[in-house]
Amino acid sequence: MQRVTIFFTFCFLVLYVGAQDGADLYKRNCAACHSIGGGRLVGPDLAGITKRTDKAWLTKFIKNSADVIKSGDPAAVAIGKEYNNLLMPPFVGTDSELSAIIMYIDSKGGSASSAVADTFLNSATFDNIVRGKALFAGNSPFKNAGTPCITCHAVHNDGGVGGTLAKGLNLSYFMLKGQGLKAMLQSPPFPAMANAYGNHPLNEQEVYDLAAYLKSVSQDMVDGKTDRATVPFLVLGIGGWCISVLILLGLWRLRKRSSVNHDIFARQLATEK
Amino acid sequence: MDIRSQIAMVFHLDKCIGCHTCSIACKNIWTDRKGAEYMWWNNVETKPGTGYPNKWEDQSVYKGGWIKSGDSVQLKGMDRKSTMANLFHNPHMPLMDDYYEPWTYDYANLFEAPAGDDQPTARPISLVTGEPMDIKTGPNWDDDLGGSPDYARQDVNMHDLTPAEREAMFQLERMTMFYLPRICNHCLNAACVAACPSGAIYKRGEDGIVLINQNKCRSWRMCVTACPYKKSYYNWNNGKSEKCLLCYPRLETGQAPACMHTCVGRIRYLGVLLYDADRIKEIASCDEKELVAKQMDIYLDPFDELVQQAARENGVADSTLESASKSPVWKFVKEWGIALPLHPEYRTMPNLFYVPPLLPAIADTSGGTYETTSASLWGGIESSRVPMQYMANLFTAGDTMKIREVLKKLMAVRIHRRGVTVGDLNEDECKQAFAETGLDADMADAIFRLTSLPKFNERFVIPDAHREEATELLENTADIKGNTGFGTINTPQRI
């Protein structure tokens, strides 16, 4: 009897914890890229996904979408194609957490919208971009003492300065859109980033400024403004190299090049022949 | 006052017969090794001529020595910045052809050549490449068969000579020349020490010998450029620079350096001079006209009680003071004032002094006849075979008055001795010579004695080396006696 009680208590706890955490887990792991009934962001709208697909398939896909796509599953390949082969990061968590998330999505119900509903950055100004750039580069600190983005990320329109530990963010806006950037910045789903910013979250203003800056970076890339920087640097590099070589050649001529009696030796050699 | 002792030397050029025994003695002991074959720590040059390495005196090419800079001096070839900038390529160094490419002969061919119509020959083989080579030049080309007109015309010391004097030299080059033996000058203001980026070169405290620490040398070769006498050489085999070490292992055991010991003409003298190290900067940077006179001032009287006292307080040993008082160098340089430094204008304050050669013309050709009659037995100093200006360029930074003064003293000694030994000279002539030079009969006799009849112990007054005694306190020198010699204790390695 006691064992049965313990078993049921355990089951109850698991279910309770699942229900309790579904919303939270969803927010942490999924909300950066997905909405439920809010339209597509980085990934598809998840409203009604549990009705449209088989739960086992869904679980497999969430756990490691890359493998499923590689295995040639037609549905998975189609989704991959639709979203520019931008792979969903593998889910790191227990099976019960995953089912809690699926339960949460299921409980929200509704139906998916394919409209792109992203008005997040519509009111961004030049000031936001400037502030965002300063935050990105660490020129102005984050309020909660988070590490500047440049430590790990690089954007290449400023001469390629930045870390190479994580992805370059040149085209981040086109992959994530405003809403995605916001979600990524507010509650990053990547383990390293989640660790780094878990105790140092960005505030709303900072998120907005950074997103605005990253959008401007991405647009510059598309407008070809980066060429403006690369070409002069290339020319400067080649030109500088040529000038240095010329200077060195000039200095090289100043050395003592022949023996002091060179003329005598040359004349002797000439008469020998 | 910071009184230190310096082992200094005098070479009496009138006595040098140009036999090169000194060079061979030195080579046999020190530079008979791979990479050192081209080095002649001691060499004997023919003047006029371009010397070894060729035109070493032309500092517009080699940038050796110091130049005056305000109240101080700076190296001509480099300062801190240019040393750094040229660290990996020192632009002013002599090339191999400026020395010469060392060679041996393929002697085996004389024995092993197959039978043929012609005599077998021993071809010259380069000691650098090991390949047969054509000999372009040698260490003593001016004297050998280099064709002195070719070379002598390039002698750097010809500058400031009038065209007439120059012309005279080229007429006379067939009948006059003199020898100039050279070793390291162990300078008071050594340019090589100042130039070394590794701090490998140092001047020994107790006797002023300038040495290169073979463990610290990093082959930057700045010393090769900086030494205006080109007496620091780079060993291309082991990658270290080497120079004359004044046979310090011999000096420490009371023996004269090999070049001096073997000297056939007995031209060489060695002894201690005391000097005031506090005045080096002031004297090295003084006006060019005063250089010789001021350098003579730095050497202090070893008989002066105050000097002795100050020297003792500075750690100079009593035995060193005693040998300083017997020093033949002190007599030649200071007491009699007849020895001069070579090229004082390099401002290194060299400690090797030369008694300039008296080369009186005793005959000349005029109108096709060989004329030997003159007003006096020897012609005046003015009609010497080598122009005064040439001598002055060598020994007094161009000051002909100073060289004339020295040569007059030498002439006065000759006149006096002629009077004493032959007695065919007018006494007034002798008195006039003394009056002009400030010599007297006793002094002239002393000069004559030390010049012509010196004993071995009078030529070389070597102070006791207390370094040896200090070593004996720490280790049993008998254990290593006969086991050590010149070489590289720690083999240099390129990393």
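Me: In this predicted model, which residues point one way from β2(B), and which the other way?
Reply: B:N43, B:E45 and B:K47 point one way from β2(B), while B:V44 and B:T46 point the other way. The model is a predicted one.

Me: Are those residues buried or exposed?
Reply: All of them are buried. Strand β2 of chain B, residues 43-47, is mostly covered, with 5 of its 5 residues buried.

Me: Why do the directions alternate?
Reply: In a regular strand the side chains alternate between the two faces of the sheet.

Me: Which strand is joined to β2(B), and by how many bridges?
Reply: Strand β7 of chain B, residues 178-182, is joined to β2(B) by 5 bridges. The two strands run antiparallel.

Me: What is the bridge partner of B:V44 in β7(B)?
Reply: The partner of B:V44 there is B:P181.

Me: Changing topic, where does B:P257 lie?
Reply: B:P257 is in the loop of chain B between α9 (248-252) and α10 (258-261).

Me: Why does B:P257 count as buried?
Reply: B:P257 counts as buried because it has 28 C-beta neighbours inside 10 Å, and the cut-off for buried is 20 or more.

Me: Which residues is B:P257 in contact with, leaving aside neighbours within four places in sequence?
Reply: B:P257 is then in contact with B:L246, B:C247, B:R250 and B:L251.

Me: How many residues does each chain bring to the contact between chain A and chain B?
Reply: Chain B contributes 14 residues and chain A contributes 8 residues. On the side of chain B that touches chain A, the residues divide into 4 nonpolar, 4 polar and 6 charged.

Key: Residues are numbered from 1 along each chain as its sequence is written. Chains are lettered from A and ligands numbered from 1 in the order in which they are written. This is a predicted model: local features need pLDDT of at least 70, side-chain atom pairs count only at pLDDT 80 or more; totals for chains, interfaces and linings use all residues. A residue is buried if 20 or more other C-beta atoms lie within 10 Å of its own, exposed if 12 or fewer, and partly exposed in between; C-beta atoms are placed from the backbone. Helices (H or I, at least four residues) and strands (E, at least two) are DSSP runs, numbered from the N terminus. Two strands pair if DSSP finds at least two bridges between them. Two residues are in contact if their C-beta atoms, placed from the backbone, lie within 7 Å. Ala, Val, Leu, Ile, Met, Phe, Trp, Tyr, Cys and Pro count as nonpolar, Asp, Glu, Lys and Arg as charged, and the others, Gly among them, as polar.
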